[in-house]
Every structure is written in structure tokens, then in C-alpha cells.
Amino acid sequence: MKELINKANQCLLCKNPRCKQNCPINTDIPTIISLYKDGKIKEAGEILFDNNPLSAICGIVCPHENQCLGNCVKGIKGEPVEFYKIEKEISTEFLKGGKLVQTNKNNKKVAVVGSGPAGLTISVELIKKGYDVTVFEKNEKLGGILRYGIPEFRLDRDIIDNLINLLKKAGVKFKVNTSIGQVITIDKLFEDGYDAVFIGTGVWNPKRLNIKGETLGNSYYAINYLKSPKKYDLGEKVVIIGAGNVAMDAARSAKYYGAKEVHVVYRRDFSDMAATKVEIMDALEEGVEFLTYKAPVEIYENGIVLADTKKIANEDGNNSVIKVENSESLFECDSILIAVSQIPRNTIISNNESVKANDKGLIIIDREGNTSREGVFSSGDVTHGPKTVIEAVVSSKKVANSIDNYLKSKRNN
């Protein structure tokens, strides 16, 4: 607590705060810090939660170096104010005892498909607007990618559980082990009296490398591994293919659960990696090794063949990566985790529910979150591909307003 107060005291409380301006959800950082310094933790927590229902989680997983931290004016000549640590403490405490009060119930029902960042955000916003919300989750536990994609040593599960308990107390109903699209269709949801449906199912199907040997017994997909890493016996030497946040989480998890050597293989260099700088630094500090300018060629039972790569300049000024001829060699390892992005696993789309998707399987929406089917809305990764938690929150708050406007217009007609 004392350490965080010291951090708060470093804040200049700028009149035109760059930290706030570069926060995707426009968190009023100077106000929160002022309240925190005055010991008004509850008031600060209420403001944070009202603005960002996933504030406690974003204080941990946001790419802060590109947002509040990276734009703090104090960071120009010294150390920036680590607001995200203050945010995490305030919001975590709020979830333990805070309340989400529903006022002006309107007796309208909304079905929310998926309990990840998008689904949880929509549920909070719709409850505040007076709607009856039921969340359908295909897994046995709630939280979506928060629970099944982010390692527990990074994100304490109590934070997720406290958020869900807050929603339950406010009246949100949760149905686990329930998939939408095959047995329960969108038609059935409307037939049973739901006035609108929201789809926030995320992206759970891993992309293939499309190289020989990908189905061998020592090759796994990282997004599947992260669901239950304790169940896997990866051996002592593990290779991760990819350099996004899923790859870093998989690498750190493999190390955390006993692998002696973990190597991240990437066809470009550190400056091109999609993972946040913090995640990369954490991986390095934990002993993960990086093999840059390497590309996978073929998987064998005893390892993976890698080729050297190099950048070449294109006419448009961008760079392409090509393999270096005759550079292939076998890199021996016990197992391989593939982390080269994900695509949706949409039973809803595949069962012809008049909800259209693009050629990548992502649900097509307009600027307000409307899908091609009236009364069905969507946001989050299932519409834009793998993004950050805060991006799902921002888009879902907007779509909650769209659902509200849609249902109000129906009442008035």
C-alpha cells in the first residue's frame, strides 16, 4: 500500500493528461489517483468499474506500455507513473465487496453467448440498463479466454470469480456446458422469449502451420494447451512457434510447469513480435530462449526442422521474410506448441442461422454491432480476430448501447 501511495504521489495530475487520452476506454486517471491519495478507495473503485467493468483484469493484462504507462509525461525524462498497479489494487478490492444494482427493470430478455471479456462486459452494461440477462457458456467454468487462455500465475482466478459473483448477485443467470448452434439454436432462443441475442464467443480454433508432421504426438496447439496445461507432459525441451501473447503465455506456462528448456521460434526479430514488451521481458527473465529469424519446415518425432530466414525490402518500402536456401536443420526437442493465431469455432455460423461471416469465419457486423440477422449483435474477437481485453470491453460497451436502442425502438413501434 505504501509503495502504491508513493507511486500516486509521483503523478503530476496533468490538466491535459496524455495517459487518459491514450487509454482506449478513456479512464479518468487523475481523478482516480486523487481519490486514492485521499483514501477514497470505494469511490475510486465505483468510477473505474462504471467506466470499465473489467478494470481489475485490465490492470494486469493491458499493453500498458502503449497506453497509460507509455504516454505518461513523467516518462519523458524519468520513470512513468505505474497507474495500472494502482488500478489493479482499487478494482480488485471493489470486486470483493462492490455491488451492481439493477434499477428500472424493463422485463426484456437478452441472451449472451459466451462469458469471456465481451460477454461479461455486455452483461454488466445490460443489467445496468434494466435487462434480464442469461449467459450461455460452452465450458464448465465461466470466464472464456480470461480463464482458459491466460495462465493462472498471471491472472488470479479469484478476480474472475468475484466479477462473476457480482453479476450473479445482480440477477444475471449463467448456463455452463451449454453450446448455442446445434441443439439450442438462435431460432430457439427467440422462440423462448429472448428479445435480442449477443454473440461473444471469441476465437478458439487454432490456425495450422500447414507443414508435414503437424499431427504427430509431440505437436500441440498452444490455445488448447493453455486450457489445461497441467494435463500435458511436454518433456524437458519445448519449442513454441509464434511470437504473440498466446505464444508468450504458452512459453511461460511450459517453463512454469516444469520444462527445463523453452525456445520461442520466430521468423522475424524482436521488433516485429506481436506480444507486448512486458510479456517478452517476463519470458526472458524466466529463462525462455528466443530463436529469431527461424521458420518451421517439418515436424519429426524427435524435433522440428527449422530454416533460417531473412528480410528483404519491397518496392512499397515494407519488408518481406524469405527462407534462406539450404539452411534447414533439425532442432531436437520433446514437444512443439503451435501459436500462430486463432479463428472462430462457430457452430452458430455453420448451422445457417442467417448470421453471416467473412472468409476467415469472423462474424460480419456494422459499426453498431448489428449482424446480418435482426436482433442479433456481436463484438469482441469473434468479429475482429484476436485482440486485447480492453478492445473487447470498448466495443462491447458500444454494442450494449446498440442493443438498448434497438429494443427501445421496438417498444415504441
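Guide: The count comes to 21 salt bridges, each a side-chain nitrogen of Lys or Arg within 4 Å of a carboxyl oxygen of Asp or Glu. The model is predicted: local features need pLDDT of at least 70, side-chain atom pairs count only at pLDDT 80 or more, and totals for chains, interfaces and linings use all residues. Numbering runs from 1 along each chain as its sequence is written; side-chain values use heavy atoms, without hydrogens or water.

Start with Glu-3 and Lys-7. Their closest N and O atoms are 3.8 Å apart. Both residues sit in helix α1, residues 2-10. Glu-3 is exposed, at 52% relative accessibility. Lys-7 is buried, at 12%. (Buried is under 20% relative accessible area, exposed over 50%, partly exposed in between, with a 1.4 Å probe and protein chains only.)

Next comes Arg-373 with Asp-187. Here the closest N and O atoms are 2.5 Å apart. This pair links distant parts of the chain, 186 residues apart. Arg-373 lies in the loop between α14 (347-350) and β16 (376-378), while Asp-187 is in helix α10, residues 186-191. Arg-373 is buried, with 17% relative accessibility. Asp-187 is partly exposed, with 43%.

Asp-308 and Lys-294 also meet in a salt bridge, at 2.5 Å from N to O. They too link distant parts of the chain, 14 residues apart. Asp-308 belongs to strand β11 (303-313) and Lys-294 to strand β10 (294-300). Asp-308 counts as partly exposed at 25%. Lys-294 is partly exposed as well, at 24%.

Now a network. Salt bridges link Arg-154, Asp-249, Arg-252, Glu-279, Asp-282 and Glu-286. Follow Glu-279 into helix α13, residues 277-285. Glu-279 is one of the buried residues there, with Ile-280 and Ala-283. The three share one side of α13 because they cover an arc of only 100 degrees around the axis, taken from the directions from the helix axis to the C-beta atoms. Lys-277 and Glu-285 are exposed on the other side. Among what covers the buried residues are α12 and β9, where contact means heavy atoms within 4.5 Å. After α13 comes Gly-287, with a positive phi near 100 degrees.

Notes:
Helices (H or I, at least four residues) and strands (E, at least two) are DSSP runs, numbered from the N terminus.
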